[in-house]
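Good morning, and thank you for coming. Please look at the sequence and the model as I speak.

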Amino acid sequence: MDKTFSPTHAKGTVTIPGSKSQTIRALLIASLSGEQSTIINALDSHDTQSCMNLCTQIGAKITWDANHTCLFCDASHVQNVQEAITLDCGNSGTTLYLATGMLASLPRKFTFSGDEQLQKRPIGPLLDALETLGAKVERMNGIYPPFSIQGPLTGGACSIECPTSQYLSGLLLACSLAKGDCEITVPLLYEKPYVSLTLQWLDEQNIRYEISEDFQKARVYGNQHFKGFTTMVTGDFSSASFFFCMAAIGKTSISVRGLNQDDVQGDKKILEILEAMGCKVVWEGKQVTVTGPEVLKGGTFDLNAMPDTLPILSVTACFAEEDVSLVNVPQARIKETDRIAVMHEELEKIGAVIDEQVDGMTIRAGHPLTGGTVSGHDDHRVIMALAVASIAASGTINLLGVDAAAITFPTFFDLFDSITGDTI
């Protein structure tokens with residue numbers, strides 16, 4: 001489906017749905033616990049549905065409550081199912097990487113696949129590490145899905161470079177279920193806050209491990225297991241970032257509810273970047289209000305810990321009075337799309353001037369967005385970022401293919417419409 005956006009005023013309050021990263025971790029840990037769990041404020045999106053489908057396939061029973069706000073997971077029969085099975089992860093890279101590690105602990109053969117985009121996302125380093133720790137791996141497409149894996153994990157030592165943090169998160173979760181102790185060396189690691197999120201889950205599960213402050217050395221003790229739990233999923237800062245930036249480029253105030261100021265989610269740091277660009281940020285309990293300035297400043301911003309913000313920050317940068325450089329984020333090229341190349345391509349269609357680098361981009365000042373036709377490339381974050389661009393563009397933006405926003409944020413356009421007003 002295509003959608004046309006006109007320049008518009010935006011102001012108001014939105015409530016952000018639960019974190020995708022938290023929901024998927026909760027579902028997988030619950031499904032491997034062998035017990036019953038309750039997940040409050042779980043996100044219901046295409047990505048989390050892919051994870052739910054996988055968990056159901058391996059034997060978990062997952063149901064929503066009457067208000068569709070709480071998930072119940074009964075994993076009591078997961079260990080009883082022994083036959084080989086093929087698992088479709090859809091478009092969900094988080095499900096693919098984390099589930100691959102965790103299911104490598106089971107003595108069953110699992111074949112992993114996904115949609116066309118997912119089959120272009122490399123997983124070779126994680127498979128190599130799991131193989132070193134005892135898993136049997138069959139590769140059908142080199143370093144990409146599909147592939148098959150079968151446990152158990154016996155333990156040992158491995159080294160893994162992690163251009164995506166999901167490699168290390170998948171490995172830490174896997175090693176928690178290994179028969180013996182595991183030692184992990186990590187000479188390269190991007191997106192460190194997402195590893196902190198995984199460690200938070202290990203702590204809540206009382207998993208015994210040791211890890212260096214820089215996350216380059218870890219030891220996870222063997223013969224452990226997960227247990228059932230009840231948890232509240234916090235709001236998703238990745239989703240909230242689009243509304244923060246709407247305020248920034250619209251010179252307006254937007255409040256976002258349902259967030260935790262102490263959350264370890266990496267994308268929370270977008271608020272620091274917006275403050276550096278001149279925005280005002282005010283917290284009141286679980287609500288944060290961002291107010292955009294009359295003039296947005298430029299600067300150089302390191303996005304290594306928060307690559308998912310590159311699309312929306314590149315849009316925001318188009319309205320700054322100075323050049324903006326988004327740097328040290330090469331992993332943005334191996335997400336659902338090559339987001340550096342895609343945002344360069346689409347923003348230049350509507351007036352931007354951008355210098356593309358291997359690990360980022362520089363958006364040149366003095367070239368605010370006009371109007372025209374752009375493509376979302378079936379990438380949810382690209383779609384939402386380009387929609388936000390319409391707030392302060394000087395002309396109408398026709399966005400081709402908006403459906404994929406539902407991968408992580410099915411209610412995005414409802415919330416977008418709820419706080420936009422008269423056409424400028």
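Let us begin with a contact between two helices: Ser165, Leu168, Ser169, Leu172 and Leu173 in α5 meet Tyr194, Val195, Thr198, Leu199 and Leu202 in α6. Sorted by class, this contact of α5 with α6 holds 7 nonpolar residues, 3 polar residues and no charged ones. Please bear in mind throughout that the model is a predicted one.

How are the two helices arranged? Helix α5 covers residues 165–175 and helix α6 covers residues 192–204; they pack at an angle of about 15°, and their axes are 9 Å apart. Because of that angle, α5 counts as roughly parallel to α6, the limit for this term being under 35 degrees. The crossing of α5 and α6 is a right-handed one.

I now turn to a second pair. Helix α10, residues 339–349, packs against helix α11, residues 380–389, at an angle of about 30°, with 11 Å between their axes. α10 and α11 are therefore also described as roughly parallel to each other. Where α10 passes α11, the crossing is right-handed.

Which residues make this second contact? On the α10 side they are Arg339, Val342, Met343, Glu346 and Leu347, and on the α11 side His380, Arg381, Val382, Ala385 and Leu386. The contact of α10 with α11 divides into 6 nonpolar, 1 polar and 3 charged residues.

The side chain of arginine 339 forms a salt bridge with that of aspartate 308, at 3.1 Å from N to O. This pair links distant parts of the chain: arginine 339 belongs to helix α10, whereas aspartate 308 sits in the loop between β19 (299–302) and α9 (310–317), 31 residues apart. Both arginine 339 and aspartate 308 are buried.

Aspartate 308 also meets arginine 381 in a salt bridge, at 3.5 Å from N to O. Arginine 381 is in helix α11 and aspartate 308 in the loop between β19 and α9, so this pair ties together parts that are 73 residues apart in sequence. Through shared partners, salt bridges join Arg121, Asp308, Glu336, Arg339, Asp379 and Arg381 into one network.

How many salt bridges are there in the count? The count comes to 20. One of them is between the side chains of lysine 109 and glutamate 138, at 3.2 Å from N to O. Lysine 109 lies in strand β8 (residues 109–113) and glutamate 138 in strand β9 (residues 136–141), so this bridge ties together parts that are 29 residues apart in sequence. Lysine 109 counts as partly exposed because its relative accessibility is 30%. Glutamate 138, at 43%, counts as partly exposed as well.

Leaving aside residues up to four places away in sequence, isoleucine 40 touches Thr69, Cys70, Thr230, Thr231, Met232 and Val233. Isoleucine 40 and glycine 18 are 22 residues apart in sequence, and their C-alpha atoms are 9.0 Å apart in space.

Thank you for your attention.

Methods:
Residues are numbered from 1 along each chain as its sequence is written. This is a predicted model: local features need pLDDT of at least 70, side-chain atom pairs count only at pLDDT 80 or more; totals for chains, interfaces and linings use all residues. Side-chain values use heavy atoms; hydrogens and water are left out. Axes are lines fitted to C-alpha atoms, for helices over the stretch in contact, and angles run from 0 to 180 degrees between N-to-C directions. Helices (H or I, at least four residues) and strands (E, at least two) are DSSP runs, numbered from the N terminus. Angles under 35 degrees count as roughly parallel, over 145 as roughly antiparallel, 65 to 115 as roughly perpendicular and the rest as oblique. A crossing is left-handed if the near helix is turned anticlockwise from the far one by less than a right angle, and right-handed if clockwise. Contact means heavy atoms within 4.5 Å. Ala, Val, Leu, Ile, Met, Phe, Trp, Tyr, Cys and Pro count as nonpolar, Asp, Glu, Lys and Arg as charged, and the others, Gly among them, as polar. A salt bridge is a side-chain nitrogen of Lys or Arg within 4 Å of a carboxyl oxygen of Asp or Glu. Buried means under 20% relative accessible area, exposed over 50%, partly exposed in between (1.4 Å probe, protein chains only).
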